[in-house]
Structure formats: C-alpha cells, structure tokens
Amino acid sequence: MVAEFGFGVLVVTFVLSIYGITAGLIGAVKKSAVWVQSARSAMLLTFPLLTLATICLLYLLATGHFEVSFVYGVTNTAMPLYLKLTALWGGQAGSLVFWSWLLAAFASAVTLRKWDRDQEFLPWVIVVSLVTLAFFLGMIVFFENPFTRFWLVRGKEVEAMFQPLGGRLIFPEDGRGLNPLLRHPGMIIHPPMLYLGFVSFTIPFAFAFAALVTGRTDDRWIRVTRRWSLVAWLFLSLGLVLGGRWAYDVLGWGGYWGWDPVEIAAFMPWLTGTAFLHSVMIQEKRGLFKRWNIVLIILTYCLVIFGTFLTRSGVLSSVHAFAQSAIGPLFFAFISLTFVAALALLLHRWNSLRSEGQMHSILSRESLFLFNNLLFMGILAVCFWGVVFPLISELFTGQKVTVGPPFYERATGPLFAGLLFLMGVAPLSAWGASTWKTLGRSIWKPTVVSLSAVAASLAAGITDPFALVGLWLVAFVASVTIYDYGRAVVARHRRTSENLLMSFWRLAERNRRRYGGYIIHLGVVLMALGIIGIEMFQVETQGTIPQGGSLQLKGYTITYNSLAEFDTPDDRNVARAAVSVSRDGKYLGTFYPRRDFYYAQQQPMTIPAVRSTLEDDLYVLLVDWRPISSQGATFKVFVNPLVNWLWIGGFIFILGTMVAAWPDKEPEEERVRVKSTETVRA
Amino acid sequence: MQNVPLQGNQTASMVGAYPIRTNAQSRVKFLVGGLLIVAAIVYLIVANTQNNAQFFLTVSELKSSGAAYSGREIRVSGAVIGDTIQYDSQNLKLKFTVAHMPGDNKEIDRKGGLAAVLKAAVTDPSLPRMTVVYNGVKPDLLRNESQAIMTGKMGEDGIFYASELLLKCPTRYEEALPQQSGN
C-alpha cells in the first residue's frame with residue numbers, strides 16, 4: 001500500500017510541476033498575476049507532496065519491506081535504524097527522490113520571499129525551478145522508480161510497480177544491505193551536503209535566467225542571489241571536505257583525493273562557483289564582467305546537473321558510480337538543452353550586458369580578479385579534459401588512453417600556486433587603480449615575513465624547490481591576510497574607543513563578505529599546508545612481521561603485539577591487530593588497525609589505525625595475516641606530515657563562509673522593527 | 001564597504017569617481033597578461049597529456065607491439081591464471097601469469113559477460129599470455145579467473161613489472177533479482 005501511495009504522490013507531483021510550468025509561462029507572457037499566483041501555489045505544493053513521498057520511502061526502508069527492490073538493494077535487517085534511513089541516498093532511485101525533495105524545499109523557500117521589487121522575476125524563477133524539478137521527477141517516475149517491487153509471474157521473477165497479470169509479490173527474507181564502504185558517518189553526511197550545494201545553485205541560475213528573459217540585466221539578480229550562491233558554495237565545499245575525510249578514513253590508501261572522475265564531477269561546479277563568487281563582486285563594484293557572470297552561473301548549473309549525472313549514471317567506472325542505468329542520455333539531453341537555451345538568451349541580451357566601464361590598471365583589484373577567474377577556468381579545463389580525453393581519444397584513434405592523478409597534479413599544481421599568489425596580492429590592491437608603488441608599499445612587510453618562513457624551512461632541511469615555493473606561498477598569503485586584517489583592526493581601535501578584540505569582531509560584522517573572505521583565505525592556506533605536507537613529504541613502508549617484531553618509519557617504531565579475529569552481530573568478520581607505537585623510545589600508545597569482512601557482500605574493508613597530531617599522522621593498515629598460526633602479519637604504514645591542517649583548514653574555511661553568508665539586517669527588517677516598537681508604545 | 005578604508009588613502013568613494021578613459025597601452029597589457037595565462041594553461045594541459053597519458057592495452061596488443069611501449073607507463077588488463085600465482089610473503093613479491101582478454105566492455109558483454117570471458121581466456125591455451133611481477137601485498141581478489149588491471153612497464157625480459165594492481169571479480173553482487181524465498 002505504502003509503495004503504491006508513494007508512487008502515486010510522485011506522479012501527482014510530476015503532473016503538478018508540469019502544470020506549474022505552464023501556468024508560470026502563461027502568467028509571464030500574459031502578465032497575469034492570477035496565473036503567476038497559481039504557478040506559485042503549485043511550486044509551494046510540491047514540497048509537502050515530496051515530503052510525503054520521501055516519508056513513504058523512509059518508512060519502507062525502516063521497516064524492511066524487502067519486496068521493494070530499492071529497499072532490498074540498500075538495506076538489510078542487521079543494519080541499525082539510522083543507516084536504514086540514510087540508505088535513502090545509498091542508491092540511485094532514492095537519491096534522485098532526495099535531490100528532488102531538497103530542490104522543492106529550496107525553491108519553495110525562494111518562492112516565499114518578498115517579491116515586491118522583483119515581481120517580473122517571479123514567474124521565471126518558478127518556471128526554471130519547476131523545469132529542473134519536473135526533469136528529475138520524470139526520471140524517477142518513468143525510469144528510476146524507487147517503489148518498484150518483485151513479483152513472481154509464472155515461475156519467473158520480474159520487477160514492476162503494479163501487479164503483473166497472474167503475478168504475486170515476493171518477500172525476500174533479507175536485503176543485500178548497504179555497500180559497506182558507505183557505512184561511515186562521513187558518508188552519511190557527505191552526499192546530502194553535496195546535494196544541498198548542487199541544489200542551491202539552481203536558485204542563482206533561475207534568477208540569472210529570469211534576468212535574461214525579462215531584460216532586467218542590472219545587478220539585481222546578483223544581489224538577490226548572493227546569499228544563495230554563498231550557501232550553495234558552503235554546502236558544496238563541506239561536501240567535498242567530508243568526502244576527502246571519508247576517503248582518508250575508509251578507503252585505506254593513505255590519501256584523501258584520488259582524481260576519480262566522480263570527485264572531479266563534484267569539484268567542477270565548485271570551481272565555476274568559486275570563480276562566480278569572486279567575479280560578481282566586480283560587477284557590483286565596477287559594473288564589469290556582466291556577460292561573464294551569466295556564463296559562469298550557466299556553467300555552474302550545467303556542471304551541477306552533469307555532476308549528478310556522472311555520479312548516478314554509471315557512465316564512468318569508479319568507486320562512486322555504483323549505479324548503472326539508462327538515464328544517461330536523458331541527462332545529457334537535458335544539460336544540452338538548458339545550456340543552449342541559456343546561451344541563446346545571453347546572446348539575445350548581449351548588448352544590454354555591456355560593461356559600464358573599463359579596466360585601467362593591471363594591478364587593480366578587478367584585474368587581479370580577472371586573472372583569478374582565468375586560473376579557475378584553467379583548472380576547470382584541466383579537469384574537463386582529463387574526464388573527456390579518454391572518450392575523445394577512443395572515438396578518434398580507437399586507442400584506449402587514460403590520464404591518472406599525475407596528470408591532474410602536474411597540470412593543476414602551477415595553477416593552484418598562481419591562485420595562492422593572487423590570494424596574497426589581491427587584498428592589498430585597490431579597486432580602479434593600483435600602481436607598483438602603492439602595492440609595493442603595503443606588500444613588502446608581509447613579503448619579508450613570508451621569506452623568513454622559507455629560511456626556516458631551508459634550515460629545517462627542506463630543499464625541494466616545489467615544496468619551498470609552496471611553503472612560501474602559504475606563508476605569504478597568511479601574512480598578507482593577517483597583516484591586512486590587523487591593520488584594519490588597529491585603525492578601528494584607534495578611531496573608536498573599543499578594545500582590540502571588539503574592533504576585530506565589529507569589523508567582521510560590518511563587512512562580512514570581506515572579512516569572511518579573509519577567514520576563508522586563511523582556511524585555504526592551512527589546507528594548502530596540509531596538502532603540501534601529505535603530497536610532498538608522505539613516507540611509507542610495508543612489511544610482514546612476526547608477533548613481537550616491529551617496523552621502523554621516520555622515528556616511529558610500530559610493534560605487532562597480537563591479532564584477534566571475531567564475528568560481530570552486524571554480519572561481519574573482524575580481524576583486528578594490536579600494535580604498540582613508540583617514537584624515539586617513548587611509548588605513544590596501542591592502536592588497532594583492522595579489516596572488516598562483510599559476509600553478505602563478500603567485501604573486505606581495510607580500516608586504518610591513525611595516530612593523529614598537528615605534526616603528522618601515523619597511518620597503519622593491516623593488509624594481511626596468517627589466520628591459522630597467527631604467526632605474522634603484514635602492515636603498511638604511512639607517515640603523513642601536516643595532514644591535520646587540511647581538516648583544520650577545512651573547518652576554518654567553512655566557518656569563514658558562514659561568516660560571509662550570515663544574514664545581514666536588511667533595511668526592510670529594520671523598518672518593520674521600528675514600526676512594531678511604536679505600536680507597542682502606542 | 002562604506003566604512004572601511006580600502007587601501008592606504010584610496011577609499012571606496014574614490015572608486016566611483018575614477019575617470020573613465022580608454023588607455024590603449026593598458027589594453028595591450030591586459031591582452032598580453034591574459035594570453036600568457038591562457039598559453040600557460042594550454043601548455044600545462046598538452047605537455048602533461050603527452051607525458052602522463054596511459055595507454056590501455058590488451059595482452060595481445062602489447063605482445064605484438066614490439067618495443068613501441070618500452071620504458072613507458074601503460075595499463076594492461078588480463079585474466080589471472082590461478083595456478084601460476086606465486087607469492088613470497090616475506091619479501092612481498094608477487095608473480096603470476098595473465099591470459100589475453102578483450103579490453104572493451106561492449107565486446108565483453110557481447111561474449112556473454114565478464115565471468116564467461118574470463119573463463120574462456122583462462123582455459124584457452126592458444127591465447128597470448130604474459131608474466132607479471134608486482135612488489136607488494138597480494139590483493140584478496142587475486143585468484144583464478146579474476147580480471148587484473150595492471151599499471152607498469154614492460155621489461156626487456158618480456159616480464160611486465162606492475163607498480164599498481166587492480167582486480168575485478170564477477171560476483172554474486174551483480175545479480176539483479178533476489179534468490180527465491182517465497183512467502
């Protein structure tokens with residue numbers, strides 16, 4: 001019953017969104033408030049409806065209705081309740097439902113805002129949101145229905161939504177269970193964060209589209225959606241960082257990022273989104289780059305859909321693409337269609353999007369932002385090329401070729417370095433014009449500080465030129481950011497009677513975007529430090545050692561004490577080694593690297609034991625052991641210097657984004673508040 | 001932005017007041033700067049594609065290519081022959097032989113799926129075979145009739161020295177429908 005009901009709700013929502021699109025279009029063309037209002041109601045109704053459909057699916061997941069093929073595929077009775085519920089996004093059909101639900105939530109929230117000043121945008125924002133929603137719902141209803149069930153028809157098993165002629169339901173005793181790799185706290189929050197990021201980029205795109213259609217091509221659409229873009233970016237960044245952390249904890253290869261096509265698919269909209277966040281500032285301040293901003297948001301939206309497509313279609317084989325299906329061509333068609341339509345509109349409005357001024361000085365803030373955008377696009381080009389090159393090569397030469405992590409690392413490395421450099425210079429440059437002289441005057445102090453950091457690294461015995469350049473950049477950006485922030489704090493402190501801490505806080509409060517941005521930059525710098533540490537200074541060793549024997553690595557001694565093998569209630573076999581770790585003769589503790597073998601999926605998982613400090617991580621993997629005699633075991637050991645700064649930096653990064661995105665008191669609200677106090681007084 | 005001094009004596013209000021004029025010289029500067037960055041990006045992509053592209057070959061393609069790929073990182077896929085696996089767990093040295101199998105997924109599907117193709121490859125002695133040496137821990141999935149995807153270099157001795165070893169097994173997990181249990 002629940003399955004039929006859930007499916008019915010999905011169908012109704014699909015039809016409703018088609019209606020909403022039609023009503024919105026009629027309302028926009030006829031300038032009829034009644035039609036627009038009707039479209040708005042349709043938009044608002046999609047959210048409770050999809051909530052209902054999602055609850056149905058969650059109910060089936062939680063109660064173990066294994067006759068539903070989706071439930072069968074991603075859960076089993078042994079899984080705890082929270083995993084059963086989060087299995088919603090553990091498979092393709094469920095994650096599409098979840099995506100749609102999020103989109104309905106966000107689009108409804110936008111629909112509820114005050115539209116007084118942007119009436120003409122409203123129908124178009126609704127239309128774009130609903131077209132996106134209808135596309136996903138159509139995919140669910142026609143191709144990826146999470147509510148289909150198993151039936152027995154004349155001795156054959158079939159999968160269908162409704163009872164086939166002469167069929168009867170099959171109730172499997174247990175499901176296959178969620179892929180063990182996905183049973184990790186990071187994996188539970190990583191997909192929703194990524195999806196939240198993906199979905200919220202639909203909103204700025206919808207506004208840009210509305211601006212193009214209505215011809216209201218000033219920066220209103222940017223101002224309205226500034227916070228949406230930041231929130232989208234926040235979630236996308238969080239999703240990427242969590243994904244990295246998950247890989248580090250679970251995949252057991254001592255890394256956090258493998259340039260897997262699916263990782264790249266999530267990274268590409270982040271790149272264009274980051275470029276967008278920077279370049280909209282130039283439009284707001286100087287009226288430049290209007291066309292470029294439209295291009296960036298179109299690209300971001302298309303890459304978001306592309307990212308969902310890559311993760312969900314199984315078109316590229318990777319750890320993530322655990323789903324194979326026929327929805328690939330549809331995604332491709334939808335992306336092409338929206339891309340072409342948006343570009344055509346852009347060309348139509350080309351002249352009204354002319355820049356209001358010109359750039360004068362190559363050292364001005366806007367010009368440095370332009371270079372920043374070029375570098376982001378460069379990284380995007382590298383990523384895109386890496387993903388499509390194998391397809392192109394096979395198409396034209398018949399030769400199967402791939403590019404691996406070294407390609408991405410070497411091609412993007414200098415571009416990332418360039419971005420770091422700009423991150424150091426740009427905050428000190430001025431809008432409009434900067435000269436070498438003015439820039440030099442403010443930059444020399446941080447430069448000297450950063451060079452002393454290089455001297456310190458040299459003294460510490462680091463001679464790799466790439467590492468030195470990287471460390472210099474890190475020190476440079478950090479000193480510029482702190483110097484510039486500090487300078488402003490001191491100036492404010494002198495001007496007002498506040499103490500320094502108060503000035504620090506007030507300043508950030510006064511100009512959240514600027515100082516939130518500074519905090520983000522500091523986060524990026526710390527992340528860069530962690531990345532330099534693990535990428536350039538990671539050392540590893542491996543060996544088979546008897547009980548009591550030990551391995552040495554970088555001052556660490558890892559001694560193999562014992563091994564225990566046991567079954568757990570959730571249907572896995574655990575082999576857990578106890579190793580004691582000491583460094584330079586000092587005992588640091590006992591750690592337990594282990595291997596879980598999931599019986600149901602016949603899948604082993606290697607879980608590292610990590611001793612984590614700010615200086616480095618000792619990362620121990622149990623890779624093999626003699627089960628019978630328990631004589632020896634094989635370990636792989638990594639020392640990952642500075643890697644914790646990657647996570648700390650990620651945390652600060654997110655914090656900075658929150659500062660920048662925190663709602664300001666809008667003038668409208670202030671006015672309301674004044675009025676209400678008056679009424680109270682009266 | 002209003003209350004914060006931007007840089008030195010430059011304030012936000014001055015930005016708006018900045019005189020708009022065309023400056024051919026600065027245009028050239030922008031063009032040169034932009035082109036330099038674009039050229040650098042293109043160079044990075046092209047050079048790194050050439051240096052880091054990994055050709056994906058089948059055993060028979062590699063065997064018939066002569067020295068064309070000597071000294072170059074390549075990827076090869078082959079079917080593992082179980083009887084040939086030798087593993088020295090003390091020194092972590094692994095040696096095994098793989099038989100030729102088609103590299104193209106569509107071709108594999110056409111020939112009845114991965115399991116059938118692997119079985120055929122292992123049992124057909126007329127197919128080209130290749131010895132592989134790998135230094136490292138023996139992966140769990142390395143067993144008879146599994147597909148090995150190896151990255152490494154072809155030695156002059158005709159042995160393939162793998163630096164990376166990935167394995168694929170056709171598993172029960174791929175079955176779409178559950179085992180019958182009735183109710």
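Predicted model: local features only at pLDDT ≥ 70, side-chain atom pairs only at ≥ 80, totals over all residues.
Local features require pLDDT of at least 70 and side-chain atom pairs pLDDT 80 or more, while totals for chains, interfaces and linings use all residues. Residues are numbered from 1 along each chain as its sequence is written, and chains are lettered from A in the order in which they are written.

**View 1. Domains of chain A.** Chain A is divided into domain 1 (1–178), domain 2 (179–377), domain 3 (435–510) and domain 4 (539–644). These bounds come from an automatic or database domain assignment. The C-alpha centres of domain 1 and domain 3 of chain A are 50 Å apart.

**View 2. The largest nonpolar core.** This core has 195 residues, and Val125(A) and Phe207(A) have the most contacts inside it. Helix 9 (residues 220–251) of chain A gives the most to this core, namely 18 residues. Val125(A) touches Val110(A), Ala206(A), Phe207(A) and Ala210(A), leaving out residues up to four places away in sequence. Another core, of 27 residues, lies apart from the largest one and includes Leu94(B), Leu118(B), Met150(B) and Ala162(B). A nonpolar core is a set of buried Ala, Val, Leu, Ile, Met, Phe, Trp, Tyr and Cys residues joined through C-beta atoms within 7 Å. Buried residues have 20 or more other C-beta atoms within 10 Å of their own, exposed ones 12 or fewer, and partly exposed ones fall in between, with C-beta atoms placed from the backbone. Residues are in contact if their C-beta atoms, placed from the backbone, lie within 7 Å. Helices (H or I, at least four residues) and strands (E, at least two) are DSSP runs, numbered from the N terminus.

**View 3. The contact between chain A and chain B.** Chain A contributes 55 residues and chain B contributes 44 residues. On the side of chain A that touches chain B, helix 13 (365–397) is among the elements that give two or more residues, and helix 13 gives the most, with 9 residues. The residues of this side divide into 28 nonpolar, 18 polar and 9 charged. Here Ala, Val, Leu, Ile, Met, Phe, Trp, Tyr, Cys and Pro count as nonpolar, Asp, Glu, Lys and Arg as charged, and the others, Gly among them, as polar.

**View 4. Strand pairing across the two chains.** Strand 4 of chain A and strand 1 (residues 53–58) of chain B are antiparallel and share 4 bridges. Thr402(A) stands opposite Gln54(B). Strands pair if DSSP finds at least two bridges between them.

**View 5. The four-stranded sheet of chain A.** In this open sheet, 4 strands follow the order 5-14-13-12 with antiparallel pairing. Strand 5 and strand 12 (609–612) are the edge strands, each pairing on one side only. From one strand to the next, the twist averages 20 degrees; axes are lines fitted to C-alpha atoms, for helices over the stretch in contact, and angles run from 0 to 180 degrees between N-to-C directions. Strand 13 and strand 14 of chain A are joined by 9 bridges, and Asp617(A) has Asn640(A) in strand 14 as its bridge partner.

**View 6. The three-stranded sheet of chain A.** This open sheet of 3 strands has the order 2-1-3, again with antiparallel pairing. Its edge strands are strand 2 (156–160) and strand 3 (167–169). Strand 1 (residues 149–153) and strand 2 of chain A are joined by 5 bridges, and Phe150(A) has Glu159(A) as its bridge partner in strand 2.

Key. Contact = placed C-beta atoms within 7 Å.
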